[in-house]
Amino acid sequence: GSGGRFPIPEVDRTAVLKAAKGCVHMKKSDHYCGTLDHYFQSIATVPAYHKEPYDPNVKKREGCFVFDVQAYNNGGSADKTVQERAAEFCSDERHPFYFTKELNVEPIIHFKASEKGYRLCQHFYGAMLFTDAAIDNYYKRFVRDYMRYHD
């Protein structure tokens, strides 16, 4: 609302609220997903989890999310063992993106997944590495058991 933490500009309010209830990928629609996406990009932190700028000829583009305590506390800087493990997990197709405490304090994190070259077209268990095995197992089981994607 107008007095909330992330007010929607009056000029966009109707379109954003319509898209929030259910959106379609047709620009002429009253429920266009791009309206919601642009609003989120204007209020959220948009991490650079892909190589910029988009180039379809670059092989190692997609992000591979790595959650490691040391990297979290050191601005994404991990020791050699973690870097090697992340490189092996992420393979030649993806580059490691370390989740940091700077990113953690952001109230909204928005991934540009709807834009060409930024889709998160991979299974979550192949895209996220928690270097602590107990945490890795917990979150992957949680997602498997409780989250459903409805298109």
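**Exercise 1. Count the helices and strands, then give their order along the chain.**

Solution. The chain holds 7 helices and 3 strands. Along the sequence the pattern is α-α-β-α-α-β-α-α-β-α.

The model is predicted: local features need pLDDT of at least 70, side-chain atom pairs count only at pLDDT 80 or more, and totals for chains, interfaces and linings use all residues. Residues are numbered from 1 along each chain as its sequence is written, and side-chain values use heavy atoms, with hydrogens and water left out.

**Exercise 2. State what share of the chain is buried and what its accessible surface comes to.**

Solution. Start with the cut-offs: buried is under 20% relative accessible area, exposed is over 50%, and partly exposed lies in between (1.4 Å probe, protein chains only). Of the 151 residues, 29% count as buried. Next, the surface. By the Shrake-Rupley method with a 1.4 Å probe, the chain has about 10,300 Å² of accessible surface. Carbon and sulfur atoms account for 54% of that area.

**Exercise 3. Describe the second largest pocket by volume and lining.**

Solution. A pocket is an open set of points on a 1 Å grid over the protein atoms alone, where a 1.4 Å probe fits, with protein on both sides within 12 Å along at least five of seven lines. Volume is the space filled by probe spheres set on the points. Here that gives about 190 Å³. Lining residues have an atom within 4 Å of a point. Among them are Phe67, Tyr72, Phe99 and Phe130. Asp68 and Asp132 also line this pocket. By class, the lining divides into 6 nonpolar, 1 polar and 2 charged residues.

**Exercise 4. Count the salt bridges and examine the one between Lys140 and Asp136.**

Solution. The rule asks for a side-chain nitrogen of Lys or Arg within 4 Å of a carboxyl oxygen of Asp or Glu. The count comes to 5. For Lys140 and Asp136, the closest N and O atoms are 3.0 Å apart. Now place the pair. Both sit in helix α7 (residues 133-146), 4 residues apart, so about one helical turn separates them. Lys140 is buried at 15% relative accessibility, and Asp136 is buried at 13%.

**Exercise 5. Find the state, buried or exposed, of each partner in the Glu10 to Arg13 salt bridge.**

Solution. The closest N and O atoms of this pair lie 3.3 Å apart. Glu10 is exposed at 60%. Arg13 is buried at 16%.

Terms used. Helices (H or I, at least four residues) and strands (E, at least two) are DSSP runs, numbered from the N terminus. Ala, Val, Leu, Ile, Met, Phe, Trp, Tyr, Cys and Pro count as nonpolar, Asp, Glu, Lys and Arg as charged, and the others, Gly among them, as polar.
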